[in-house]
Amino acid sequence: MYPKFSNVGPAAFLVGALTLTHVVTATPFSPPRQKNIGTSDDAAAASSSSQAASNQERRDAVKQAFQISWDGYYKYAFPHDSLRPVTNSYEDDRNGWGASAIDAFSTAIVMRNWPVINQILAYVPEIDFTRTSSEISLFETTIRYLGGLLSAYDLLTTPPLYAQAKAANPDIFHNSTSSQTATDAILAQAIRLADALSVAFDTPSGIPDNNLIFDPVAGPKRTGSQTNGIATIGTLVLEWTRLSDITGNSTYAQLAQRAESFLLNPQPPQIAEPFPGLLGTNVNITSGLFVDSSGGWGGGTDSFYEYLIKMYLYDPDRFGLYRDRWILAADSSIQYVASHPTTRPDLTFLGGWEGPRGNTTLRFSSGHLDCFDGGNFILGGLTLSNKKYLDFGLELVKSCAETYSATATGIGPELFSWQDNRTPLNATNNRGPPSAEQKAFYEKNGFWITNEQYVLRPEVIESMYYAWRATKDEKYREWAWAAFKAINTTTRAGSGYSSVANVNKVGGGSKTDFQESFWFAEVLKYCWLIFQDEDDPWQVKADQTNEFVYNTECHPIRLAKGHETQPSSSSSSSDGGYGSADGRKDNEQQPRGRPGVWKHGDDGSWSDRKEKRFAGPRYA
């Protein structure tokens with residue numbers, strides 16, 4: 001296990017972990033920390049602790065944490081968005097449509113928690129996605145609500161799981177003679193939501209406005225934003241393409257893919273692309289041109305890069321260009337951006353960058369959000385059969401695990417910085433820790449904390465999951481178990497689990513009284529999956545026999561029909577898997593229900609584009 005937990009055996013913790021109705025406390029961590037966590041001692045600890053606490057017991061602990069979280073939410077917050085567990089109240093932070101219920105949906109399904117599944121199934125048809133009193137984020141609504149609904153649809157229509165659902169609870173589909181009644185309701189709500197959101201794309205360029213208002217009289221409308229970021233533009237394409245592939249209505253995919261095209265061919269290159277494949281952040285909605293050169297693998301940019309390789313995994317025949325752009329970004333990240341702290345050169349982090357091509361400055365800071373990068377590189381290495389990406393991903397996973405083992409709680413901070421060992425120490429972008437306390441922390445751990453919060457984020461455990469699936473090295477399970485124990489110990493509060501103010505204080509400092517919806521969708525699901533022995537179809541497969549890909553909210557999306565295994569030879573063609581403008585090879589007939597990829601210029605004039613886009617789903 002990672003070293004901070006070397007004095008807390010899994011068996012000792014298990015009593016608390018399996019009795020989660022009480023707050024679990026742990027002995028403060030005091031032994032010296034070993035410098036490299038991937039050692040033979042680490043493997044021996046993994047073998048010993050595995051005997052003390054079986055994966056079944058660990059799954060039971062995770063499942064009980066889910067149940068506590070759900071019961072508190074359902075009692076005090078449902079059908080609102082999020083639970084405030086300390087005060088037993090709620091907050092509608094995601095438009096009041098029950099974000100926690102929809103984010104919990106796919107997790108309940110993979111856990112086969114039929115009572116919770118039934119509760120959510122009964123609720124889904126009642127949601128009115130056309131009414132809300134708060135501003136809507138296209139990005140957040142897509143990854144949480146649309147992604148959650150599509151994932152539930154895909155999972156519940158997977159034959160083995162559907163059969164198990166019927167066997168476990170004959171009433172799960174409301175005793176209907178039609179086995180599709182419940183799933184039809186899920187899909188119908190996904191369509192209604194996408195139809196309402198589609199107004200976001202009604203811009204001169206087709207790049208969406210991320211901020212919307214659903215006016216009770218005038219209907220959905222844009223807020224008039226001037227720019228949008230690459231994450232909020234580039235993290236729509238999986239969900240919207242999947243909706244098209246399920247329904248046969250190509251409009252949804254065309255909207256998202258058209259917006260994505262401005263990121264696949266970023267302009268002007270000098271500003272948009274400081275390094276090959278690595279972009280700035282903000283794009284002008286009217287012109288489609290980038291307006292800055294600042295970027296990284298963190299918030300505001302992260303999931304754009306994440307989805308490039310995931311779209312290729314989703315359908316290699318249609319999304320070869322996405323693969324090519326991910327390879328560019330990955331190679332540039334390794335060559336130009338990868339950084340090693342002066343005090344811990346064994347660690348590897350990806351920082352950020354700013355400034356146009358030829359005059360770009362690196363930024364040696366990162367955070368919890370960025371730590372998805374290890375898992376993404378591992379997925380890229382598996383998907384492309386490329387050991388370079390896999391090995392680099394494992395280095396990132398190890399380094400992010402160290403941010404957990406270094407703190408008083410055993411949980412990594414929201415943000416952190418370091419000094420790069422290849423940049424002059426007197427450089428303006430490479431200054432040291434600002435205080436003596438932070439300097440001492442940096443000397444020992446290779447980073448200093450710049451934001452101490454933990455808001456129930458999943459990214460470090462997410463990357464541990466991918467590392468486990470790729471290598472089957474038990475140490476990654478031990479690291480994840482240590483992380484789960486620390487999170488359970490520190491964040492358990494009142495009727496659920498709460499964000500905390502300071503991971504470097506025993507107990508996490510103050511509880512901030514908020515249980516994020518992604519706690520259900522991501523943290524608990526990744527913890528469950530990593531201890532799952534059964535090779536369920538939604539698990540990541542190292543042998544390239546994947547049937548699902550995870551959206552950025554950890555909702556499993558079924559791969560495009562006929563492409564669940566190896567990519568066909570057409571995906572390696574020089575045109576990136578594309579032939580004619582509609583995504584077909586010149587001699588290939590377009591399969592029914594499988595629209596091609598939108599390419600820049602396909603839609604003719606501006607007026608033609610607008611007419612084609614918005615004669616689509618809302619009025620079809």
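I take helices (H or I, at least four residues) and strands (E, at least two) as DSSP runs, numbered from the N terminus. The model is predicted, so I kept local features to pLDDT of at least 70 and side-chain atom pairs to pLDDT 80 or more, while totals for chains, interfaces and linings use all residues. Residues are numbered from 1 along each chain as its sequence is written, and side-chain values use heavy atoms, without hydrogens and water.

**Entry: the largest pocket**

I looked for open space. On a 1 Å grid over the protein atoms alone, a pocket is an open set of points with protein on both sides within 12 Å along at least five of seven lines, and a lining residue has an atom within 4 Å of a point. Grid points are joined across faces, edges and corners, and a volume is the space filled by probe spheres set on the points. The largest pocket holds about 440 Å³. I find 25 residues in its lining, with F139, E140, D302, L369 and R457 nearest the centre.

Which helix gives the largest share of this lining? Helix 6 does, with four residues. Helix 6 (138-156), helix 9 (230-234), helix 13 (302-314), helix 18 (459-471) and helix 20 each supply at least two residues. I then sorted the lining of the largest pocket by class: twelve charged, eight nonpolar and five polar. For this I count Ala, Val, Leu, Ile, Met, Phe, Trp, Tyr, Cys and Pro as nonpolar, Asp, Glu, Lys and Arg as charged, and the others, Gly among them, as polar.

Next I looked for cavities, sets of grid points where a 1.4 Å probe fits but cannot get out. The whole structure has four of 30 Å³ or more. I picked the second largest cavity, with about 40 Å³ of space. L313, L379, Y466, W538, Q539, V540, N546, F548, V549 and Y550 line it. Strand 18 gives the most to this lining, three residues. The classes here are eight nonpolar, two polar and no charged residues.

**Entry: aromatic rings**

I searched for rings of Phe, Tyr and Trp (its six-membered ring) with centres within 6.5 Å; planes under 30 degrees apart count as stacked, over 60 as edge-to-face and the rest as tilted. The search of the whole structure gives 39 aromatic pairs. F349 and W418 have ring centres 5.0 Å apart and planes at 40°, so I note the pair as tilted. F349 sits in strand 10 (residues 349-350), and W418 in the loop between strand 14 (415-417) and helix 17 (436-445), 69 residues apart.

Are these two buried or exposed? I call a residue buried under 20% relative accessible area, exposed over 50% and partly exposed in between (1.4 Å probe, protein chains only). F349 is buried at 2%, and W418 is buried at 1%.

A second pair is W481 and F531, with centres 5.8 Å apart and planes at 85°, so it is edge-to-face. W481 lies in helix 19 (residues 474-491) and F531 in the loop between helix 20 (517-530) and strand 18 (548-550), so the pair ties together parts 50 residues apart in sequence. W481 is buried at 0%. F531 is buried at 0% as well.

I also noted one aromatic cluster, formed by W297, F304, Y305, W326, F372, F377, Y389 and F392.

**Entry: strands**

I count two strands as paired if DSSP finds at least two bridges between them. Three strands make an open sheet in the order 8-11-12, with antiparallel pairing. Strand 8 (295-296) and strand 12 (361-363) stand at the edges with a single partner strand each, so one side of each has no neighbour in the sheet. Strand 8 joins strand 11 (residues 352-354) through two bridges. There, G295 stands opposite W353.

I moved on to strand 4 (residues 211-215). Its covered face has L212 and F214, its uncovered face N211, I213 and D215. In a regular strand the side chains alternate between the two faces of the sheet.

Which strands pair with strand 4? Strand 3 (residues 136-137) pairs with strand 4 in the antiparallel sense over two bridges. Strand 5 (residues 219-222) also runs antiparallel to strand 4, joined by four bridges. L212 is the bridge partner of I136, and L212 stands opposite R222 in strand 5. Strand 4 and strand 5 form a hairpin, with three residues between them.
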